[in-house]
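Please walk through this model from its confidence values to its fold.

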Amino acid sequence: MSATAGQAQSERGLADRLGFKPGQVVQEFGFDDDVDEGLRASIAELTGEELVDEDYDGDVDAALLWWRSDEEGDLTDVLVDVVTTIADGGTILVLTPKAGRELHVSPNDVAEAATTSGLSQTSAVSVGADWSGTRLVVPKR
């Protein structure tokens, strides 16, 4: 297997491990030049769909939320807004800079915002060298 093929398989494995499925529409919030392009590519590869941006107004199955410190506003408010775009039982992956990185967000802050927003936290994962992820589930209404 070539290095490129192995890398693609590894990236696809990351999206699969994070719970993404073929055919899902994934909406992305908080995109900037510091995001993990490997993660974005792996999700697109696995789902077979390009990520849609914040302005997308169709139905979505999951969301990526790149969140960097409280300078961006209130995480609870943002999660409440994101929930309105996602189908019942869908997921939100909140991605924050890892500990020791600039604009790091405490996992406790993410957990508190999730609870206040009515979301259930299911897992925490490492995503690349710079990002940590917290997987949240939107309850069935």
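The paragraphs below take up confidence, then the sheet, then the surface.

This is a predicted model, in which local features need pLDDT of at least 70, side-chain atom pairs count only at pLDDT 80 or more, and totals for chains, interfaces and linings use all residues. Residues are numbered from 1 along each chain as its sequence is written, and side-chain values use heavy atoms, with hydrogens and water left out.

The mean pLDDT (the predictor's confidence in each residue, from 0 to 100) is 87 for the protein, with 89% of residues at 70 or more. Confidence is lowest in helix 1 (residues 3-17), where the mean is 59, and highest in strand 1 (residues 26-29), at 97. Residues 1-9 have pLDDT below 50, and beyond near neighbours in sequence this stretch has 2 contacts in the model (contact means heavy atoms within 4.5 Å). Where pLDDT is low, the predicted coordinates should not be read in detail.

The protein has 4 helices and 5 strands, taken as DSSP runs of H or I over at least four residues and of E over at least two, numbered from the N terminus. An open sheet of 5 strands has the order 1-2-3-5-4 with mixed pairing; two strands pair if DSSP finds at least two bridges between them. Strand 1 and strand 4 (120-127) each have a single partner strand, so one side of each lacks a neighbour in the sheet. Strand 4 runs antiparallel to strand 5 (residues 131-137), joined by 7 bridges. Val127 has Trp131 in strand 5 as its bridge partner.

Buried residues (under 20% relative accessible area, 1.4 Å probe, protein chains only) make up 42% of the 141 residues.

Methods
Buried means under 20% relative accessible area, exposed over 50%, partly exposed in between (1.4 Å probe, protein chains only).
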